Amino acid sequence: MHNLFFKRIGIQRLNPKVHRRLSLRSSALLFSARRFANAFLCVLSILLLFLPLPAWAAQTQPERTPLTLELLQERLHTPTLREGNLTVDLQKMVIDLRPENASFRDVFYQLLRKELGAKPLGLDLSYALILGDFVGSDLGLRTPLYSQAMSGDKPRGVYAPIFTATEQEELERLRFVCLQSLTMSTMGYAYALSNSKDCRSLLGTQPILSSEIAVFRGALTLVQTRFNGEVKFPNTFFLQSVDVQGATFLQPTNWTETRFGRSVSFTSANFRQQSNFQGSIFFEKANFKQTKFQEFANFQGSIFEKTANFNQVTFKQLAKFNSVQWQGNADFSDVRFANQVQFTKANFNQFLLLTEATFEQTVSFRETEFNQLVNLQGANILNQADFSDAMFAPEACLSVPGLTFNSNQAKILGNPGEIGKMFCIPTLQGNQNVLRNLGQNFRQQQQVSDANELEYTKQRLRLIEFVHRLTATNINSATVANLINLGFSATQAEAIAQRRLIKAFRNSSELLSLADIDLEKYTQLSDRLIVGEALSIGEWLLQAWSWLALSVLLLLSGYGTNFWLVFGVGGLAIAYFGLLFWLVDRYRRLHPVPIIPTSYETISILVSFSVLEFFSLLAIFRNAEQPWLTLGCLLIIIVPLPMALLIRLYQQGRYHDLMDVSYFTEDGTFRQLRLLIGRLPVIPRNQTFRERYMPLLCDRHWNWLNYYDFSLNNLLKLGFNDIRLRDEHLPGIISALAWYQWSLGVIYITLVLWTLSRTIPGLNLLIYLK
């Protein structure tokens with residue numbers, strides 16, 4: 001082969017050695033070339049995989065036609081019919097409005113303004129490329145709006161006669177919204193509206209000429225339109241829909257004081273520079289889904305009459321929604337706020353949805369009014385959320401299940417004593433970390449009452465779990481008959497029994513995997529089902545005891561978070577036992593020799609008892625979440641056993657020595673306010689103590705105070721005198737009554753100290769006792 005090659009190029013045949021050497025060299029060169037080619041192809045393939053495709057390859061750009069005056073006139077004279085409306089079709093055009101093309105630009109605005117103003121024609125600029133600044137307000141009909149005129153008893157605006165009756169009604173809506181905004185000026189919602197030109201003119205009482213506005217009578221379509229220059233629609237009224245889906249704005253846009261009479265869609269639009277919607281009004285649904293605001297977005301003073309959809313929007317710079325009025329739902333789900341966002345002095349009349357939203361910088365809701373639920377489920381607060389001076393309607397709250405919030409890096413601010421009550425969480429499962437972080441957040445800010453409110457919420461949810469665990473039906477152990485009684489059909493109950501023979505249920509949602517059980521039946525019975533191992537009798541009793549103890553703590557002290565509730569409970573018990581002790585000591589018998597109190601003493605004790613009970617009940621009803629349940633729980637503790645002992649005492653009568661001497665004695669060595677933690681209710685059996693403790697004097701007008709003092713000693717371990725029961729000739733029932741109150745006092749003083757440690761900053765005596 002090599003010889004043939006050499007012959008063809010005119011070289012004689014080489015000797016064998018030279019020929020073999022050249023063959024080896026040529027083979028080596030060929031092999032090296034192949035290796036180089038293979039390596040080059042591999043590198044090129046990797047680069048093609050990892051390098052982004054160019055714009056022209058990633059997305060096919062439409063073929064655009066340069067717009068000329070002749071083509072413009074042709075399209076104006078032959079509008080197309082779309083959805084029942086005539087539309088000027090300028091799709092896929094290159095429209096040059098730069099200063100160097102001033103002659104075309106001036107004629108462009110003049111022709112369009114003339115045609116669009118004469119009749120309600122739509123304008124379609126979809127997939128067009130706009131070079132230079134686009135002054136959209138110059139395309140509308142410039143018309144003056146006069147101030148109100150009287151039409152009978154109803155004031156109305158006077159508008160240009162070119163408008164149809166329907167269009168005049170649309171313009172009248174602007175005046176109505178301006179009037180409505182002034183009635184809500186207490187929160188400063190309408191500061192931008194009250195200063196706007198059209199509102200000043202429409203609300204004036206003198207028939208002066210108002211400033212002109214640009215009225216766009218037809219629909220405006222800007223789907224996938226690209227604007228290389230600024231876009232200006234200030235003080236424009238769109239009577240029909242505006243569709244700006246997928247449009248790209250490379251320069252700032254101006255929509256200040258613009259009115260959108262019909263639905264508007266900015267879905268997937270891209271604002272590369274500042275966008276200004278200050279003072280705008282959206283009469284119908286506003287859709288900004290998946291829009292990108294890469295620079296400052298300004299919506300201050302705007303009004304959204306219907307639903308506002310900002311779902312999956314990205315705000316890369318500051319976003320201002322100050323003093324915005326949201327009449328419908330505001331949907332900010334899955335929104336990413338990369339910079340600060342301000343909702344100061346806004347008004348949310350319906351639901352505010354912030355599910356899965358991410359706040360990387362400060363978000364401000366200062367002086368904002370919430371009239372419905374604020375849904376923060378799954379939201380991410382990475383910096384600071386400020387709810388200071390925010391106002392919540394009775395049905396409004398901050399729903400925070402699944403909230404991602406690290407109290408060591410972020411903060412939630414709010415009015416002390418108020419913001420903690422605004423959080424609502426449906427279940428404890430999956431939200432314990434949320435409650436812990438929120439509580440830690442407020443403790444770091446010394447807002448103890450708010451932290452305690454969250455702790456109360458946590459324990460209340462825990463109580464609901466106890467109830468569910470004790471009363472719900474375990475589908476892994478329930479019999480077929482029990483499942484049928486629960487609400488399942490016989491077929492469904494049999495399917496459940498067959499399924500758990502194969503594999504036990506791990507969660508109740510696995511019921512939906514059975515063909516016989518539909519979603520409706522599952523939703524109906526899911527709250528009455530539980531999954532897990534069956535509880536033994538001992539475990540069930542332990543759960544029941546935990547439920548009972550937690551219920552008592554929540555009812556009588558708000559789980560150690562409400563001192564005034566504890567104070568009211570103690571005051572009522574002290575007054576009640578004081579009255580009982582006075583009764584058993586001063587009202588002993590009627591025959592043969594009456595031993596009864598004087599009328600003065602009876603009136604004094606009853607009046608004082610009524611006053612103490614009144615203030616105690618006032619404290620309970622003002623501070624307890626369920627005051628009647630709290631009162632019922634307390635009465636169950638203090639009434640049945642003492643009343644049974646009292647009835648038994650008067651049934652059997654009293655026949656013992658020292659009938660004329662009081663059962664109660666006081667330490668006569670000194671009189672002072674004492675903290676009697678270790679004091680027992682009965683004096684020891686020792687002669688020295690009998691000499692030291694002297695019987696109460698029953699002939700003194702102030703003697704009835706001693707019974708309250710004894711009750712105070714027993715319950716609160718605090719008293720003005722050391723008053724105890726005597727050890728001689730004392731009926732056992734009276735001693736049992738005193739010991740019963742003393743036992744309750746041990747529990748009560750522990751509850752008081754625990755509550756004080758949780759409600760007073762710095763007092764950490766029992767703060768870790770839970």
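Here are some questions and answers about the predicted model shown above.

Residues are numbered from 1 along each chain as its sequence is written. In this predicted model, local features need pLDDT of at least 70 and side-chain atom pairs count only at pLDDT 80 or more, while totals for chains, interfaces and linings use all residues, and side-chain values use heavy atoms, with hydrogens and water left out.

Me: How many helices and strands are there in the protein chain?
Reply: Happy to start there! Helices (H or I, at least four residues) and strands (E, at least two) are DSSP runs, numbered from the N terminus. For the protein chain this gives 21 helices and 54 strands.

Me: What percentage of the 770 residues of the protein chain count as buried?
Reply: Buried means under 20% relative accessible area, exposed over 50%, and partly exposed in between, with a 1.4 Å probe and protein chains only as cover. Of the 770 residues, the buried part is 48%.

Me: Which strands stand at the edges of the open sheet of 12 strands?
Reply: Two strands count as paired if DSSP finds at least two bridges between them. The sheet has parallel pairing in the order β1-β4-β6-β13-β17-β21-β25-β29-β33-β37-β41-β45. Each edge strand has a single partner strand, so one side of each is left without a neighbour in the sheet; the two are β1 (65-66) and β45 (404-405).

Me: In the hairpin of β2 and β3, which residue takes a positive phi?
Reply: Strands β2 (residues 80-82) and β3 (residues 85-89) run antiparallel and are joined by three bridges, with T80 partnered by T87. Two residues lie between the strands, and the one with a positive phi near 55° is E83.

Me: In β5, what is the bridge partner of D89?
Reply: β3 also pairs with β5 (residues 122-124), in the parallel sense and over three bridges. The β5 partner of D89 is D124.

Me: Are the faces of strand β50 covered or uncovered?
Reply: On one side of β50 (residues 664-667) are F664 and E666, and on the other are T665 and D667. These four residues are all buried, so by the cut-off of under 20% relative accessible area both faces are covered.

Me: How far apart are the end C-alpha atoms of α16?
Reply: The expected span of a helix is 1.5 Å times one less than its number of residues. For the 25 residues of α16 that should be 36 Å, and the model agrees, with its end C-alpha atoms apart by 36 Å.

Me: Which helices do the buried residues of α16 pack against?
Reply: The buried residues of α16 include I605, F609 and I620. Contact means heavy atoms within 4.5 Å. The helices they pack against are α15 (563-586), α17 (627-638) and α20 (705-716).

Me: Is I603 buried or exposed?
Reply: I603 is found in helix α16 (residues 599-623). Its relative accessible area is 54%, which means, with the cut-off of over 50%, that I603 is exposed.
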